[in-house]
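Please look at the sequence and the structure shown below, and then read the notes on one helix and on a group of aromatic rings.

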Amino acid sequence: MKNIIVSPSLLAADPMRFGQELASVEAAGADWHHVDVMDGHFVPNLTYGIPFVEALKKNSKIPLDVHIMITNPDQMAGDYVSAGADILVFHIEASTHPHRTIQKIKSSGAKAGIALNPGTPSSAVSQLIADADLFLVMTVNPGFGGQKFIHTAVDKISELKAMIAKAGRTGEVDIEVDGGVNNETVGKVRAAGATALVAGTYVYGAKDRAAAIASLRR
Ligand code: DX5
Ligand code: ZN
């Protein structure tokens, strides 16, 4: 079995010290950097644009896991890959042509991921299991860090795991969980089949970031 991937979310980092913050979680054992792009329309918050992702790419030693919470992923996906996204995750709720967008991301050389809001059923992505590299299950409503974990979303992790197995793609497709992941909720999401964990507050807010990351892997 592959080791669980830990992807600390930069949303919880100190914005005045992004360079040092990247280096700090890299030294603490992070696998990926989770980068939450928000447009103020798809979600009620506004964060990073293309030049910022380019700057992160230049200063990062590990892959960028870029989660775009924007209304027009079909138009913008290619730009975020060019900017440096190694994994580009877009929302199924915002995409008119998800299949085409997956192809576009993969042909640009990145891994393609699809995110599902807490209110979106796993069936919404049933026709994309053969093509996507990753599914991201939101366990909070997107827009902010530090929110309470939504337990009812956990069933979706096991549903996706079963759908991936049925397609014969176990081990090829990651199931990432995003929102409220900490030492109390991690057991449940891992038992359900998560292979990648986003953690903002729990990692960046910890006094000992290496210990926080290690506790998610245990
Ligand atoms: C929420 C973001 C998350 C967020 C998670 O819209 O997608 O990545 O940073 O933060 P925590 O881990 O604090 O819930
Ligand atoms: Zn995210």
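Helix α5, covering residues 154-166, has 13 residues and reaches 19 Å from its first C-alpha to its last, close to the 18 Å expected at 1.5 Å a residue, where the expected span is 1.5 Å times one less than the number of residues. Helices (H or I, at least four residues) and strands (E, at least two) are DSSP runs, numbered from the N terminus. This is a predicted model, in which local features need pLDDT of at least 70 and side-chain atom pairs count only at pLDDT 80 or more, while totals for chains, interfaces and linings use all residues. Residues are numbered from 1 along each chain as its sequence is written, and side-chain values use heavy atoms, with hydrogens and water left out.

**The faces of helix α5**

- Val154, Lys156, Ile157, Leu160 and Ile164 are the buried residues of α5, where buried means under 20% relative accessible area, exposed over 50% and partly exposed in between, with a 1.4 Å probe and protein chains only.
- Seen down the axis of α5, these buried residues fall within an arc of 150° (taken from the directions from the helix axis to the C-beta atoms), so they line one face of the helix.
- On the other side of α5, Asp155 and Lys166 are exposed.

**Surroundings of helix α5**

- The buried residues of α5 pack against β5 (111-116), β6 (134-138), β7 (174-178) and α6 (186-192), with contact meaning heavy atoms within 4.5 Å.
- Just after α5, Gly168 takes a positive phi of about 70°.

**Aromatic rings**

- Phe18, Tyr48 and Phe52 form one aromatic cluster, where rings of Phe, Tyr and Trp (its six-membered ring) pair if their centres lie within 6.5 Å, and planes under 30 degrees apart count as stacked, over 60 as edge-to-face and the rest as tilted.
- Tyr48 counts as buried at 12% relative accessibility, whereas Phe52, with a relative accessible area of 22%, is partly exposed.

Note on methods: Chains are lettered from A and ligands numbered from 1 in the order in which they are written.
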